[in-house]
Amino acid sequence: KWEEYQRFNNSAIKSEALDFTPNVSDPLVSAKLTSVANVTKKFYPGLMTGTIDPDTWLPIFLKELKAAGIDSLKDTLQYQIDTWKTTQKTPR
């Protein structure tokens, strides 16, 4: 069993984002991250356990994520990772 596990791990494809750490020190980024986390905490448990109806609550969840700034947060983090990738010496 151990050998099979070791073969599996050795054949894993490493993420291109391995070693990337986002910079969230900007107060606007930090605030959006906190807002998105708060919205997620509000809806995630019910959606993941099936205790709330996803047909009703998923659209509300997505709307609140947008209001919390998830799109601009995603754009900011994507810019950071794209910039970081250009500084990497070897492709992953």
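I started with the pair α2 and α4, and I noted them as oblique to each other, because the angle between their axes is neither under 35 degrees (roughly parallel), nor over 145 (roughly antiparallel), nor 65 to 115 (roughly perpendicular). Helices here are DSSP runs of H or I, at least four residues, numbered from the N terminus. The axes of α2 (residues 27-49) and α4 (residues 70-86) cross at roughly 125° and come within 10 Å. For the record, axes are lines fitted to C-alpha atoms over the stretch in contact, with angles running from 0 to 180 degrees between N-to-C directions.

Before going on, a caveat: this is a predicted model, where local features need pLDDT of at least 70 and side-chain atom pairs count only at pLDDT 80 or more, while totals for chains, interfaces and linings use all residues. Numbering runs from 1 along each chain as its sequence is written, and side-chain values use heavy atoms, with hydrogens and water left out.

I then listed contacts, meaning heavy atoms within 4.5 Å. Val29, Lys32, Leu33 and Val36 in α2 meet Ile70, Ser72, Leu73 and Thr76 in α4. By class, that contact has five nonpolar, two polar and one charged residues.

I moved to α2 and α3. Their axes come within 9 Å and cross at roughly 175°, so I wrote the two helices down as roughly antiparallel. From α2, the residues in this contact include Lys32, Val39, Phe43 and Leu47, and α3 brings Trp57, Phe61 and Leu65, among others. The class count for α2 with α3 is 11 nonpolar, two polar and three charged residues.

Which residues make up the largest nonpolar core? I found nine: Val29, Val36, Val39, Phe43, Leu47, Phe61, Leu65, Ala68 and Leu73. A core here is a set of buried Ala, Val, Leu, Ile, Met, Phe, Trp, Tyr and Cys residues joined through side-chain atoms within 4.5 Å.

I checked Val36 too: setting aside residues up to four places away in sequence, Val36 touches Leu65, Ala68, Gly69, Ile70 and Leu73.

Last entry: Gln80, found in α4. Gln80 counts as buried because its relative accessibility is 17%, and buried means under 20% relative accessible area (1.4 Å probe, protein chains only). Beyond its neighbours within four places in sequence, Gln80 is in contact with Phe20, Pro22 and Asn23.

How values were computed. Nonpolar A, V, L, I, M, F, W, Y, C, P; charged D, E, K, R; others polar. Buried < 20%, exposed > 50% of the residue type's maximum accessible area, 1.4 Å probe, protein only.
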